[in-house]
Amino acid sequence: MAVAIRSLSYAHSAVTDPALNNISLDLPPGSRTVIVGANGAGKSTLLEILAGKRLVNGADVRIQNRDVFRDSPPGVTFLGTAWAMNPVVRGDILVSHFLDSVGGYRYKERRDTLLDLLDVDVDWRMHQISDGERRRVQLVFGLMQEFQILLLDEVTVDLDVLVRDELLTFLKRDSETRGATIIYATHIFDGLNQFPTHIAHMSFGRLVTPPTPWPIQADSVLSSQFGQSTLYNVALQWLKEDREYRRELEKNGRKVRGARRDQAVPSDSETFYKKYDYSH
């Protein structure tokens with residue numbers, strides 16, 4: 001298996017609920033898995049652990065049959081949203097110089113393909129461009145070297161539809177040609193129907209639906225509920241189920257989200273700011 005996980009649980013601290021709860025999965029080489037889940041479901045934490053960015057004890061987490069913590073596998077690329085906010089990549093440096101500084105000259109053909117595909121101007125200065133443009137540079141930086149495992153965490157959210165679709169076409173072809181494996185956590189499902197080979201559903205740190213072949217086949221566990229539905233409709237239904245499940249938990253004592261309409265006594269914060277409110 002390209003990715004194999006057994007009994008993975010993880011909490012950010014000793015006093016918080018687990019971000020991941022007993023996760024197990026297997027992904028074959030060349031698969032492209034889209035993970036569906038609400039904010040806070042554990043998708044980013046799972047990808048960070050696979051990338052070796054969070055140490056976990058008591059679980060078996062392997063990429064290409066190598067322990068991600070003790071025998072780091074080669075060819076793993078992780079692209080997350082924090083990169084574009086890093087002060088180092090927001091400095092006054094030309095895109096061309098930045099890419100050369102991280103070895104872009106070693107991958108000229110693939111780098112140039114990505115520069116064209118992502119419509120990047122090599123004369124942009126990193127401190128002057130928008131977050132969306134900086135995200136395009138990140139994708140060139142992250143993808144110009146061939147990967148075996150690609151972990152994508154919401155990095156396409158800033159891209160316009162045309163660029164995103166062309167990028168996904170490139171990644172799909174890359175996966176099919178080289179047998180590379182992709183795990184993609186996203187909240188944008190329009191136009192994604194033809195990309196994945198598998199889909200999975202995470203909710204409250206649990207893998208509710210493990211990676212399941214896509215599109216839905218007649219013998220699929222998803223067939224009776226969704227038939228030949230689109231990925232967008234499947235994701236929408238799963239997210240609705242997650243919200244209803246959370247509301248049931250709130251009825252049974254879980255902390256309630258949203259407005260506190262039953263709060264009869266003003267909070268200390270409200271009392272303080274009212275005292276110094278001179279707008280009326």
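This is a predicted model: local features need pLDDT of at least 70, side-chain atom pairs count only at pLDDT 80 or more; totals for chains, interfaces and linings use all residues.

Student: Let's start with the core. Which residues have the most contacts inside the largest one?

Tutor: The general idea comes first: in soluble globular proteins, nonpolar side chains tend to be buried together. Here the largest nonpolar core has 47 residues, and Leu118, Val137, Leu143 and Leu171 have the most contacts inside it. Several elements supply at least two residues each, including strand 3 (32-36), helix 4 (131-143) and helix 7 (231-251). Helix 5 gives the most, with five residues.

Student: What is Leu171 in contact with, leaving aside its neighbours within four places in sequence?

Tutor: Look for Leu143, Phe147, Leu150, Leu152, Ile182 and Phe195 around Leu171.

Student: Now the rings. How many aromatic pairs does the structure hold?

Tutor: A pair of aromatic rings is described by the distance of the centres and the angle of the planes. This structure holds seven aromatic pairs. In one of them, Trp83 and Phe98, the centres are 6.0 Å apart and the planes are at 65 degrees, so we call the pair edge-to-face. Trp83 lies in the loop between strand 6 (76-79) and helix 2, while Phe98 is in helix 2, so the pair ties together parts 15 residues apart in sequence.

Student: Are Trp83 and Phe98 buried or exposed?

Tutor: Both Trp83 and Phe98 are buried. Compare Phe272 and Tyr273: their ring centres are 5.1 Å apart with planes at 90 degrees, so this pair is edge-to-face too. Yet Phe272 is partly exposed, at 47% relative accessibility, and Tyr273 is exposed, at 57%.

Student: Where does a charged residue lie over a ring?

Tutor: Arg32 lies over the face of Phe195, 5.7 Å from the ring centre. Likewise, Arg178 lies over the face of Phe147, at 5.1 Å from the ring centre.

Student: Last, the helix. Which residues of helix 3 are buried?

Tutor: In helix 3 the buried residues are Arg110, Arg111, Leu114, Leu115 and Leu117. They cover an arc of only 165 degrees around the axis, so they sit on the same side of helix 3. That buried set packs against helix 2, helix 4 and helix 5.

Student: Which exposed residues does the face turned away from the buried side carry?

Tutor: On that face of helix 3 you will find Glu109 and Asp116. Just after helix 3, Asp119 takes a positive phi of about 55 degrees.

Conventions: Residues are numbered from 1 along each chain as its sequence is written. Side-chain values use heavy atoms; hydrogens and water are left out. A nonpolar core is a set of buried Ala, Val, Leu, Ile, Met, Phe, Trp, Tyr and Cys residues joined through side-chain atoms within 4.5 Å. Buried means under 20% relative accessible area, exposed over 50%, partly exposed in between (1.4 Å probe, protein chains only). Helices (H or I, at least four residues) and strands (E, at least two) are DSSP runs, numbered from the N terminus. Contact means heavy atoms within 4.5 Å. Rings of Phe, Tyr and Trp (its six-membered ring) pair if their centres lie within 6.5 Å; planes under 30 degrees apart count as stacked, over 60 as edge-to-face and the rest as tilted. A charge sits over a ring if NZ of Lys or CZ of Arg is within 6 Å of the ring centre and within 35 degrees of the ring normal. The arc is that of the directions from the helix axis to the C-beta atoms.
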